[in-house]
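User: I would like to learn how to read a few features of a structure. Please show it to me first.

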Amino acid sequence: MSYTNIIGRTDEIATLKRLYNSGKSEFVAIYGRRRVGKSFLVSEVFAKKMHFKVVGTYIKDGDKDYETYRKIQLAHFYDSLLLSGLNNKEAKPTCWREAFLLLRKVLQTKRVRRKVVFIDELPWLAGPQSSEMISELGYFWNSWADSERNIVLVVCGSATSWMLDNVIHDYGGLHGRLTSIIKLMPFTLSECEKYYQKNHFRLSRYEMCVSYMAFGGIPYYLDKLRNDQTITANIDRIFFSDEMINQEFMDVYTGLYSSKERYVDIVKALGRKFYGMTQSEISKAIGIKTGGTLSNLLDNLRESGITREYPRYGKGRVETVYQLKDFFTLFYLRFVNGNQQKPGGWNTIHGTASFYSWAGDTFELLCIEHLPKIIDSLRIPSVDRHYCWSGKTPDGKGAQVDLILESKAARTDYLCEMKFSAGKYLISANEADNMLHKIDAFANSNMHNKSRSIQLVIVAAMGLAQGYHASIANNVISIDDLFR
C-alpha cells in the first residue's frame, strides 16, 4: 500500500505494518519532539483501520485540581467511545477503571480481524497524578487485550520525560509489555527536498539549507511555509511578524511537563554557548546541583531530540559536552528572544555579518546531523568514533578541531572543517595556515595513533573554489552530498 501523504518515514511505516500483520496483540509507544508528526504518521498508516482514537487535552498545571482534571479527560474519553460505537445509554465513566471497561466493551462489538486503538497525547490524558490511569491501562492490556491476540494498541506523546518514566521504562503494570518503541525524528535534508518538490516549491539546495538551519526538519514548520514567498520572506513572516512565536517556543517545552521552566532554563543557557557546556557549567548557569535531577533533565532533552551529547578531548581529559541542536530553538534564541525586532525583520539581518556568523555555526551542526551522508561520501568502511578535540602544538599554540572521524579500518583520522558561503568557498592564505596548524597540533597529540594517516576534509556548502590553497584539502564535500 502506498502512503502518498507521508514524506519519508519508511522504517516507521514498515514497523507499523509489521505489527498490524502479526498474529498477536501488539503494544507500541511512539515518542519524539513536539510538532515532529507522530499523530499524523499513525493516522495516515492506520486510517480506516482505527477502531478507537482518543486525544489527551493539555490543561495548564495548577489550573484545575486533580479531580476536575480527571473529569475533563474522562469526558473526552467517553466522547471518543461514543464516536467508536458505544451505546449512549452507557453511563459516563467516573474513573479510569470504568473507562477501560467501556473501551473493552466497544472493541468486543467489532467483528474485524485486527482492532487498532490509538491513545494520542497519553501524558496529557493521564494528567500530573498519572498512576491511576497508567495502572488501569496496564490492567486493560494484561488482563484482556494481550490475550485477545488481535489488538494493536498505539500510545503516543510529546512529553518525552513522561513517556520514558511512565511507559517505556515503567516498572509497574506496563513493565516489559511494549512490543515496539518508535522514536520519531525530524526530516533529513533529503526528506525536506521531497516535501518541497511535492508542494511545488522551486528552491535551490542552498535555500533549503538556510530553511533547515532556521526551522529544522520539523513537518509542522514546513507546513507553515508558502511557496509564493521566498525563504527569506517565510522566515521573516514566521519568526518576526507572527505574535505567537514566543508562545510557540514555550509550547515546544510545555510537553516536557512538570519541570517546563527548568528545561527552558537549560536550553537558554545552551543557546548562549553554541558549542555546548559541561554538566558542571550548566549547573552553575541555572542554579541546579549536578547529579540526579540535572542528569535526568539533560537525558530527557537528549531523548526529545533537543540536545546532543558529544565527547570533547583535550586538556588531558575527556569531557561530556551538551549542545543545543534543535534548529528552531537555536534560531529563536539567537534572533528573536529578548531582542528588539528591527523594522524589516529578517531582511535587515539576511546577508549581514550576523547572518554569516549564525550560518557558519549552524551549518556545522547541520553537517553533524547528517554525519552518515558525510561518511558515505568519504567511502569510509567504518567509523569507530567521532569527537571534538582541542590541544596545543609542540610550540604551545592552541588548536581546536570540531569534528574528527576515527576509522581504524581505513587506518585514517579525518579532520573535518565545515565552511558556509553563498558561493564556492575560497581558502585564504591565513585559513590555509590555520588548517595546517590544526593538523600539526593533532598529529603530535596523544589522540592520534602515529600508525594512522590524517586527511583534511572540507565540507563547503557550495563546493571549494580552485584557488592557490585548495590543494590542502584531501577531500571536498558539498551540500549535494548531504542530500543523497
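User: Is Tyr-313 buried or exposed?

Analyst: First, the ground rules. This is a predicted model, in which local features need pLDDT of at least 70 and side-chain atom pairs count only at pLDDT 80 or more, while totals for chains, interfaces and linings use all residues. Residues are numbered from 1 along each chain as its sequence is written, and side-chain values use heavy atoms, with hydrogens and water left out. Buried means under 20% relative accessible area, exposed over 50%, and partly exposed in between (1.4 Å probe, protein chains only). Tyr-313 has a relative accessible area of 17%, so it is buried. Tyr-387, at 1%, is buried as well.

User: How many aromatic pairs does the structure hold?

Analyst: Rings of Phe, Tyr and Trp (its six-membered ring) pair if their centres lie within 6.5 Å; planes under 30 degrees apart count as stacked, over 60 as edge-to-face and the rest as tilted. The structure holds 36 such pairs. One of them joins Tyr-313 and Tyr-387: the ring centres are 4.8 Å apart and the planes stand at 70°, so the pair is edge-to-face. Tyr-313 belongs to strand β6 (residues 307-314) and Tyr-387 to strand β8 (residues 385-392), 74 residues apart, so the pair links distant parts of the chain. Helices (H or I, at least four residues) and strands (E, at least two) are DSSP runs, numbered from the N terminus.

User: Which helices hold Phe-331 and Trp-358?

Analyst: Phe-331 lies in helix α16 (residues 327-336) and Trp-358 in helix α17 (residues 353-369), so their pair ties together parts that are 27 residues apart in sequence. The two rings are edge-to-face, 5.4 Å centre to centre with 85° between the planes. Both residues are buried.

User: What lies over the face of Tyr-220?

Analyst: A charge sits over a ring if NZ of Lys or CZ of Arg is within 6 Å of the ring centre and within 35 degrees of the ring normal. Over Tyr-220 it is Arg-35, at 3.9 Å from the ring centre. Lys-49 lies over the face of Tyr-20, at 4.5 Å from the ring centre.

User: How many disulfides does a search of the whole structure find?

Analyst: A disulfide is a covalent bond between the sulfur atoms of two cysteines. The test used here is a pair of cysteine sulfur atoms within 2.5 Å. The search finds zero. For Cys-367, the nearest cysteine sulfur is that of Cys-209, 8.1 Å away. Cys-367 counts as buried because its relative accessibility is 0%.

User: Which residues of helix α14 are buried?

Analyst: An α-helix has 3.6 residues a turn, so residues three or four places apart point the same way. In α14 (residues 279-286), the buried residues are Gln-279, Ile-282, Ser-283 and Ile-286. Seen down the helix axis, they fall within an arc of 105° (taken from the directions from the axis to the C-beta atoms), so they line one face of α14.

User: What is the order of strands in the open sheet?

Analyst: Two strands pair if DSSP finds at least two bridges between them. The seven strands run β7-β6-β8-β9-β10-β11-β12, with mixed pairing. β7 (317-324) and β12 (475-477) each have a single partner strand, so one side of each is left without a neighbour in the sheet. β6 and β7 run antiparallel and are joined by eight bridges, with Pro-311 opposite Thr-320 in β7. In their hairpin, which has two residues between the strands, Lys-315 takes a positive phi near 55°.
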